Amino acid sequence: MKHVILSLALATAASPALADSYVPVKDQATFMSLIQGKELRNFFYGVRLNVFENGQIVGGALGWDIVGNWSWQDGYFCREMSWGGDPIPYNCQLVEARGDDQVRFTVDRGAGDSASFRLQ
């Protein structure tokens with residue numbers, strides 16, 4: 001049940017990314033300038049994440065810790081994580097930004113489900 005809830009939390013839009021005011025983030029430097037020192041939050045599911053320049057991901061959702069690692073590869077944010085000890089498989093994701101306070105991740109290099117976060 002926990003894994004199903006996190007899958008929903010990490011794919012809140014549950015549809016492929018659509019053309020709107022989000023702009024693709026094409027390089028790691030731009031990505032870091034957006035998220036550095038900020039927490040990624042999805043209020044609906046209570047997800048809070050910090051993505052650090054050293055490749056670590058730390059946060060939580062619904063009372064369970066989220067930990068993981070990430071790297072930037074070929075224009076995509078690639079990560080693997082665990083939530084409360086349950087693995088979340090490796091996946092490379094398209095990153096898009098809307099202004100300086102919203103970011104959207106779309107799994108499978110932009111071909112899958114999306115999750116949007118506020119940057120705070």
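Residues are numbered from 1 along each chain as its sequence is written, and side-chain values use heavy atoms, with hydrogens and water left out. Because the model is predicted, local features require pLDDT of at least 70 and side-chain atom pairs count only at pLDDT 80 or more, whereas totals for chains, interfaces and linings use all residues.

The protein chain has a mean pLDDT (the predictor's confidence in each residue, from 0 to 100) of 88, and 83% of its residues reach 70 or more. Over residues 3-9, pLDDT stays under 50, and the model has 13 contacts (heavy atoms within 4.5 Å) for them beyond four places in sequence. The pLDDT is also below 50 over residues 11-19, a stretch with 22 contacts in the model beyond near neighbours in sequence. Where pLDDT is low, the predicted coordinates should not be read in detail.

Three helices and nine strands are present in the protein chain; helices (H or I, at least four residues) and strands (E, at least two) are DSSP runs, numbered from the N terminus. The order of elements from the N terminus on is α-β-α-β-β-β-β-β-β-β-α-β. Of contacts between residues at least 6 apart in sequence, 42% join residues at least 24 apart. Among the 120 residues of the protein chain, 43% are buried, where buried means under 20% relative accessible area, exposed over 50%, and partly exposed in between (1.4 Å probe, protein chains only). The accessible surface (Shrake-Rupley method, 1.4 Å probe; for residues, only the protein chains shown count as cover) comes to about 6300 Å², and carbon and sulfur atoms account for 54% of this area.

Four salt bridges occur in the structure, each defined by a side-chain nitrogen of Lys or Arg within 4 Å of a carboxyl oxygen of Asp or Glu. In the pair formed by Arg 104 and Glu 96, the closest N and O atoms are 3.0 Å apart. Arg 104 is buried, at 7% relative accessible area, and Glu 96 is likewise buried, at 7%.

Arg 118 pairs with Asp 101, with the closest N and O atoms 3.0 Å apart.

Salt bridges with shared partners join Glu 39, Arg 41 and Arg 48 into one network. Within it, the closest N and O atoms of Arg 41 and Glu 39 are 2.6 Å apart, and Glu 39 is buried, with a relative accessible area of 16%.
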